[in-house]
Amino acid sequence: MTLLRGDALSAAFDHGSTAYDRLVAASPGYHAHLRRSARRLGLADGGRGLRVLDVGCGTGASTAALLTAAPHARITGVDASAGMLDRARAKSWPKTVDFLHAPVEELADRFAPASFDAVFAGYLFRNLTDPDAALGVVRELLAPGGRLGVHEYTLGGSPVHRLVWNAVCRAVVLPAGRLTNDARLYRHLRRSVVDFDTAPAFAERLGRAGFWRVRVLPLPGWQTGITHTFVARGAGGRGGRA
Ligand SMILES: C[S@@+](CC[C@H](N)C(=O)[O-])C[C@H]1O[C@@H](n2cnc3c(N)ncnc32)[C@H](O)[C@@H]1O
């Protein structure tokens, strides 16, 4: 099976948006892990005065996690799928949260350089055709010394982690996808994780993209060795290190 990319992926998420919130609610620790990753951004004073971008915000699960970690920040959620965004917009948000329908690849045309103090991406990067290009966009959007948080399925590198991931997919993810008529999206999910960077490889990718102080942090429960938080600092705008 080929991976879904671009418009085909957005169409799959448009369709999958109907069942998305129910499926992730049934995934042990999904929301708690997102909140943990959002807290790991370490935004001071509840994010007061800070601008935060949630790229690939989907139905708003990661946006809600950011709001918990930084209730005083201005948060913009961006997503390429109109269906996922409709679900996000339909929820109740404070005035400090807004949403934009756009792919990450086009954000340099939508925002000035250094527009954000922090960028968060929950389960986005392994979906992208060119993750390095997207990291370049994110780096430009970050203010000097701004913070990047990435929460992603990235296998730890041991064959056991791959075995566990494939077992979870066979037992839970793929059957759930068939039940909700989203079989292609959930086959994509399984394959995109297997094909994407391991956690150390993604950390190296961040370093090559110009991020610094890159840290890889584990998540607990069944996601041990399967999902990680990456936190890093951007050099900011077009300039050097802050
Ligand atoms: C697995 S969902 C994660 C949603 C949310 N961040 C969460 O944690 O629940 C991945 C999201 O990334 C979005 N996405 C995929 N490719 C994208 C792109 N190129 N630009 C912006 N969003 C994209 C999808 O539409 C989808 O909503």
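At what angle do helix α7 and helix α8 pack, and how far apart are their axes? That pair gets the first of these close-ups, all of them taken from a predicted model.

**View 1. Helices α7 and α8, side by side.** Helix α7 covers residues 159-179 and helix α8 covers residues 183-195; they pack at an angle of about 170°, with their axes 9 Å apart. Angles over 145 degrees count as roughly antiparallel, so that's the label for α7 and α8. On the α7 side, look for R162, W165, C169, V173, L174, A176, G177 and R178. Facing them from α8 are A183, L185, Y186, R187, L189, R190, V193 and V194. Sort these contact residues by class and you get 11 nonpolar, 1 polar and 4 charged.

**View 2. Where α2 meets α3.** The axes of helix α2 (residues 30-39) and α3 come within 8 Å and cross at roughly 50°, so the two helices are oblique to each other. The crossing of α2 past α3 is right-handed. From α2, the contact takes in H31, L34, R35, A38 and R39. From α3, the partners are A61, S62, A65, L66, T68 and A69. The class tally for this contact is 6 nonpolar, 3 polar and 2 charged residues.

**View 3. The α1 and α4 contact.** Here the axes of α1 and helix α4 (residues 82-89) come within 6 Å, crossing at roughly 35°. α1 brings F13, D14, H15, S17, Y20 and D21 to the meeting. α4 answers with A82, G83, M84, D86 and R87. By class, that makes 4 nonpolar, 3 polar and 4 charged residues in the contact.

**View 4. The shell around the ligand.** There are 22 residues around the ligand, and G56, G58, A61, S81 and G122 come nearest. A61 also turned up in View 2, on the α3 side of the contact with α2. Both α1 (6-25) and α3 (61-69) supply at least two residues each to the shell. Which helix gives the most? It's α1, with 4 residues.

**View 5. A stretch to treat with care.** The protein averages a pLDDT of 95, and 97% of the residues score at least 70. Over residues 237-242, though, pLDDT stays under 50. The model has 13 contacts beyond four places in sequence for that stretch.

Methods. Residues numbered from 1 in each chain as written. Predicted model: local features only at pLDDT ≥ 70, side-chain atom pairs only at ≥ 80, totals over all residues. pLDDT = per-residue confidence, 0-100. Contact = placed C-beta atoms within 7 Å. Near = placed C-beta within 6 Å. Axes fitted to C-alpha atoms, helices over the stretch in contact; angles between N-to-C directions. Parallel < 35°, antiparallel > 145°, perpendicular 65-115°, else oblique. Left-handed = near helix turned anticlockwise from the far one by under 90°. Nonpolar A, V, L, I, M, F, W, Y, C, P; charged D, E, K, R; others polar.
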